[in-house]
Every structure is written in structure tokens, then in C-alpha cells.
Amino acid sequence: MHDKILILDFGSQVTQLIARRVREAHVYCEIHPNDVSDEFIRSFGAKGIILSGSHASTYEDHELRAPQAVWDSGVPVLGICYGMQTMAVQLGGEVSWSDTREFGYAEVRAHGHTELLRGIQDFSTPEGHGMLKVWMSHGDKVTALPPGFKLMASTPSCPIAGMAHEDKRYYAVQFHPEVTHTVQGTELLNRFVRGICGCAGDWIMGNYIEEAVQRIREQVGDEEVILGLSGGVDSSVAAALIHRAIGDQLTCVFVDHGLLRLNEGDMVMDMFAGRLHAKVIRVDASELFLGQLAGVTDPERKRKIIGGLFVDVFKAEAEKLKAAGNGVKGATFLAQGTIYPDVVESGGTKTKKATTIKSHHNVGGLPEQLGLKLLEPLRELFKDEVRELGVALGLPHDMVYRHPFPGPGLGVRILGEVKPEYAKLLQRADAIFIEELRSTIDPHSGKSWYDLTSQAFTVFLPVKSVGVMGDGRTYDYVVALRAVQTSDFMTADWAELPYSLLKKVSGRIINEVRGINRVTYDVSSKPPATIEWE
């Protein structure tokens, strides 16, 4: 059993970042709603508890409190932002509305040499005060410490920006250590989970394989599993892990909808059927998908058509396999690449009390439609952990660390109607862009521009522009290049790619992809733009 941290979510948009930082310290943690029962907290077995931030106000929402078992558990507790405020109110302090709100960068003075902040600082003042560069986001503030607490941090507009009761090992900060803008945030969270809570730091993906394999074998037994292989990171790692566990009891169905990246279908087959020797059935459904998309221009309709057809094709193939008795007769499990953010965002935590932020295709009703049980071996992992696991399983680094690719594929990177000729042009143009990003090394970092960008792709614009090639006039299509840098995909900056790189990409696309005569570069950040165009 791993040491673990319990994170109680009060509705913050960045609670997942807390969990990611804890996992990066090699400590297992789970996010659960703040209103879990006392019994749940007692039985969870946490070595420490973290209370998240919230959009709410402590003195307005009297129901949004930590369960009493948090304070009775005897384990260290860390309150962050709202978590600090509810700690103060529940333990006898005071919180009030502030006429000076703090949103953004702040410099916090550390006080009292507490265990949490001991030796952690970004700089010191001429008077010798240790200072932290942090990110604030709050309107309310603690105005009176609870009994037994001492001041741990302050700013001019927030005199109590941190507090601690060291005998009980309760700590709280008004700023957000989980966001990258707080320079020492990772160090602070590491200090809490590893130092104060005493967690062993044994949550390591290379070691995780053995226990995951054992769990899959126990769950599946001698039964058969079907998996929809998309070629994306999550389904690929799930397939490799399940194949490691049960071998030929797994059959993968790879539905090629004709909107994948250039030669991606062949690469998927080479990897899984060729190198891993997994059973993979490839279904070329490109004519079906492209036929159903003809004349459709609305992005949401395109998404629904592609998602619905995928389910239909997969169901048909599953039924065919059962009827043929082709090794999966009587299959009882459907495997999916569901990961932890999908579970949290879909309100799928164990208590079912979390607010649903958005629905995810791989947490939906497909198992019920097929009459199969669900196998989700990645459902407790974040994306970065899935990638680490993939490398540990022997998947190629380039496959595992590829940039995100939308489920509908190029269907939402072709603006307006999706036509076969548009898809072919876009595949070739995008392949050139990615190839040049991979091969161009930034001299300052020594990394390729592909590794320096978080997501890069080409968008096909259904407009034509005039051009000149040789002595002739052309009237051909336009593509836009998009490359962004981000740590969490909630906000993103456009990547300042070298002009020489953009020049080379543009020249190659125009010269090598007949039908495109103009290349543009998207310099919009998120917000106000989104990363994808549709």
C-alpha cells in the first residue's frame, strides 16, 4: 500500500494542479468533494489532508466546510486560499470581506520560522526578512487567528497570509502554491507531503507496472477484453499495459476514420501488431465518416457525427467478433483509456458529489450499450503519469510524448465542410510542419522546437487566395500554423518560433503540397482565443 494524501475539493478550478504537484513528489493522492462523510475520511487512511481553494466566500456559504473528521484525524492538514479561510472559521478564528482584493503576483513575507516554510524563500529584504514570490487570488481574508495558531506569512494588504498550529501540524496559506507562478510552490508542497506528513515517495511509474498488471489479471481472470484503439496516448498506453497483463485475451479494434495524421494508421499497426504482437483489427471506415460529414459545417455537429459513428463502427466490429468466435467470443470487458482528470471533471469521484464540469466520451454509456463490464487501468493517473508509464512499458518516446490530438481528428482542423481532398492537403502540410519542428534545435535550450511547444498543428482554411508560381498565376488554398506554449492548457501563449523556421515551413508546404499557395501563422493567445480553431 502506498502512503497517500487526501485532497478535499471546495470547487476551485485549479484543484487538479494540487494533485499533480503532489504526484510529482512521488506521493499518491486523490481528490474528493469537500462534503464526504466523516466515515469516508476515517477509512481513507490519509497521511495528510489538503483543503483546496474555492470560488465561494466563507462568511456567505456556511455549508461549505471541512468535515469534523478532518480535525479529529490526527494527521497534518494544509489549507490553501479558501482552505485557509475555512480552517480559520472552523477552529475559532475570523474571516471577513476585504476592500482590497489580491489577484495575481504578490510578494509575501515569511514569519515565525515554521516547519512548512523553514529555509524556503525567493529573496530577502535589506532587513533580513525572507520573501516569497507567489500568486494570490482572493477577496476575503483571515482577520483573527484561531486559538493556538501563530502568524506564518503576511503582505501589506493581507496581514495574515499564512498561519500555523505546529503542535497539531495545521498549516495554511492564502496564496496558491500549486500554480507555477508561485516560484517555491513545488518546494512548499514537497515539504508538506514528504517532510511534515512523512510520505515515503514511492509512487513511481516504473514500479507501478507490476501492481497494475496484477490488478488487471485479478479483475479479468480468464475472460476476454475488447479495446477501441485510437492511436492517442491514453488508449495506446492502456493497450500496452493490458497486453502486458493478459496477452491474447485482449483484442484491439482500430477504427481509421480517415482524419488521422499522415500515415498514422500504418504506424499504429506497426507498433501494436508488429512490435507488441497484440491482436489488432484495423477497420478502414474513412468513406463512411467522410460521406456522413459531407455538407456539414457546424463544428459541434461534426464532433457529434464523428463520435456517434465511432461508437456505431466499434459496436458493429465487436458484434462481428463475437459472432465469428474469433478469440473474443463471450467477451465481457470493454477497456478504455479513461484518465484521472476525466473522472474528476465528469463528477465521477467515489461519492458522486463533485460538480460535473464537462462530459467525456470515454466515461459515457458505451459499456451499457455493449453489455460489457468496464476495464479502466489508467483511471487514477494524470496525463504526465500516463506518459511516464508508456515509456516504462517500452512504447517509443515520440509516440508517448506527442502533442495532444483531438478525438475528431482533422475533422475540427478543417474549418467548415470536411472534404477528402481537404484532408489529404492538410495531412501533408501538417506533417511538414511537425517534421521541421522536430528537426530544428533551439541553441539556447538544446531542445527541438517540437519539445519546446506544448501543442502545434496546421489548420485548413476553406478559402482561396491568389498567388504566383513560376510565370503563372495560382488560385489555391490557405493554411494556418498554430503553436502554443502552456503548463496547464487552461491558458496558453503563442510560441515565438524563429522566423527562419517559419520561412522554411512555409516554403516547403507551398512547394511540396500542390493546392496550397499561402501559409499564415496564428499569433493569438488563450484567452481570448482557444488553442484549437473549432
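Where in the chain is His176 placed? I find His176 in the loop between strand E10 (170-173) and helix H5 (185-196); helices (H or I, at least four residues) and strands (E, at least two) are DSSP runs, numbered from the N terminus.

**Ground rules.** I note that the model is predicted, that local features need pLDDT of at least 70 and side-chain atom pairs pLDDT 80 or more, and that totals for chains, interfaces and linings use all residues. Residues are numbered from 1 along each chain as its sequence is written, and side-chain values use heavy atoms, with hydrogens and water left out.

**Active-site annotation.** I looked up the UniProt "active site" in the unreviewed entry, which covers Cys81, His176 and Glu178. Such positions are given in the numbering used here, with feature names shortened, and annotations may be inferred rather than shown by experiment. The annotated residues spread over 98 residues of sequence but cluster in space, with a largest C-alpha distance of 10.9 Å. Of these residues, Cys81 and His176 are in the lining of the second largest pocket.

I checked burial next (buried is under 20% relative accessible area, exposed over 50%, partly exposed in between; 1.4 Å probe, protein chains only). His176 counts as buried because its relative accessibility is 6%. Glu178, also in the loop between E10 and H5, is buried at 0%.

For contacts (heavy atoms within 4.5 Å), I left aside neighbours within four places in sequence. His176 is then in contact with Val14, Ile80, Cys81, Trp135, Ser137 and Thr182. Glu178 touches Val14, Leu17, Ile18, Arg21, Ile80 and Leu189.

**Second largest pocket.** I read its volume as about 750 Å³. Of its 33 lining residues, Ser12, Val14, Trp135, Ser137 and His176 are the closest to the centre. On a 1 Å grid over the protein atoms alone, a cavity is a set of points where a 1.4 Å probe fits but cannot get out, whereas a pocket is an open set with protein on both sides within 12 Å along at least five of seven lines; lining residues have an atom within 4 Å of a point. Points are joined across faces, edges and corners, and the volume is the space filled by probe spheres set on them.

Which domains give residues to this lining? Domain 1 (4-195) and domain 3 (420-521) both do, so the pocket lies between them; the bounds come from an automatic or database domain assignment. Helix H1 (15-24), helix H4 (82-90), strand E5 (94-110) and strand E7 (130-144) each supply at least two lining residues. E7 gives the largest share, five residues.

**Helix H4.** I find seven of the nine residues of H4 buried: Tyr82, Gly83, Met84, Gln85, Thr86, Met87 and Ala88. Just after H4, Gly92 has a positive phi of about 105 degrees.

His26, in the loop between H1 and strand E2 (28-33), has a positive phi of about 65 degrees. Asn263, in the loop between strand E12 (250-256) and helix H8 (264-275), has a positive phi near 65 degrees. His26 is partly exposed at 32%, as is Asn263 at 48%.

Which residues does a cis peptide bond with omega of about -15 degrees join? I find Lys526 and Pro527 there. The bond from Pro527 to Pro528 is cis too, with omega near 10 degrees. Pro527 lies in the segment after strand E19 (516-521).
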